[in-house]
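Hello,

Here is the structure I promised to pass on. Please have a look at it before reading my notes below.

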Amino acid sequence: MKTITTGALALALLASSANAETIEQRAVTCFGCHGEHGTSQIENTPSLGGQQAAYVQIQLFMFREKLRVFDPMNEMAKSFTDDDLRAFSDFISKLPKPQPPADAPDPARMQNALVIISQNHCGGCHKADFSGDDNVPRIANQREDYLAKTLHEYKSNNRHGYDGTMADVLGSVKEEQIADLAYYIAHAPAASPVAATKGAASSAHPPGDGGSPNLQKKTKAKPPHR
């Protein structure tokens, strides 16, 4: 039932926050879907707490310009000024980070995922603890269902970043391996044993959503290649 009402809830809350003056008041709309303090309780809806500010700013820009299409978010962001994008991004980055599930992780699944992570140098951009950096998102302790959904979308090219790095990386990952990969990241320990790979982290365009759009220009950027 929750997944069915997510979009309707966002649109309904939009009207209630239209005249709110502070970021805290306006963010009530965000919490309606993304959970109190930014920790999502809704299937396939990401937690926002502790997310990298630069990454959030890029995503909000993409929603505003309809370079990323999801009707409730497009509606939410369409009136955002560049200052709004920065204010919301900074606010979200300061929310509490999501916590790993309370249940102890399955050692076999964690080990299977570590092999995949090592082979594909995931820590090179997302960092060893998956906390992200700048415009590379924090994915540590993100909802497992959302992680699996997003990874499948990148692999199938149904989701596009500012470059094709994520699709390229996932090209060698089998569909059946994505479940363990999402499981590991959702249960990521505070001190991950994954060693970051030098070189990838210094890429001019990190995977997924590398590169920052010029927020001073209102003209729409060229849509991602499909």
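What follows is a short tour of what I found, going from the whole chain to a few places in it.

A word on the ground rules first. This is a predicted model, in which local features need pLDDT of at least 70 and side-chain atom pairs count only at pLDDT 80 or more, while totals for chains, interfaces and linings use all residues. Residues are numbered from 1 along each chain as its sequence is written, and side-chain values use heavy atoms, with hydrogens and water left out.

**The chain as a whole**

The chain has 11 helices and zero strands; here helices (H or I, at least four residues) and strands (E, at least two) are DSSP runs, numbered from the N terminus. Of its 226 residues, 46% count as buried, meaning under 20% relative accessible area, with exposed being over 50% and partly exposed in between (1.4 Å probe, protein chains only). If you take the contacts (heavy atoms within 4.5 Å) between residues at least 6 apart in sequence, 74% of them join residues at least 24 apart.

**Two helix pairs**

Two packed helices are described by the angle between their axes and the distance between the axes. The axes are lines fitted to C-alpha atoms, for helices over the stretch in contact, and angles run from 0 to 180 degrees between N-to-C directions.

Helix α4 (residues 53–64) and helix α6 (residues 82–93) have axes that come within 8 Å and cross at roughly 140 degrees. The two are therefore oblique to each other, given that angles under 35 degrees count as roughly parallel, over 145 as roughly antiparallel, 65 to 115 as roughly perpendicular and the rest as oblique. On the α4 side the contact is made by A53, V56, Q57, L60, F61 and R64, and on the α6 side by residues including L85, F88 and I92. Sorted by class, this contact has seven nonpolar, three polar and four charged residues. In that sorting, Ala, Val, Leu, Ile, Met, Phe, Trp, Tyr, Cys and Pro are nonpolar, Asp, Glu, Lys and Arg are charged, and the others, Gly among them, are polar.

The second pair is α7 and helix α11 (residues 178–186), which pack at an angle of about 100 degrees with their axes 8 Å apart. That makes α7 roughly perpendicular to α11. Among the residues making this contact are M110, L114 and I117 of α7 and L181, Y183 and Y184 of α11. By class there are nine nonpolar, one polar and two charged residues in it.

Helix α11 is mostly covered, with eight of its nine residues buried. Those buried residues pack against α7 and α9 (144–155).

**The end of α7**

N120 lies in helix α7 (residues 107–120) and is buried, with a relative accessible area of 15%. Leaving aside neighbours within four places in sequence, N120 is in contact with V169, S172 and V173. N120 and V169 are 49 residues apart in sequence, yet 6.5 Å apart in space, C-alpha to C-alpha.

**The cysteines**

How many disulfides are there? The count comes to zero, taking a disulfide as a pair of cysteine sulfur atoms within 2.5 Å. For C30, the nearest cysteine sulfur is that of C33, 9.0 Å away. C30 is buried at a relative accessible area of 14%, and C33 counts as buried at 7%.

Enjoy looking around!

Best wishes
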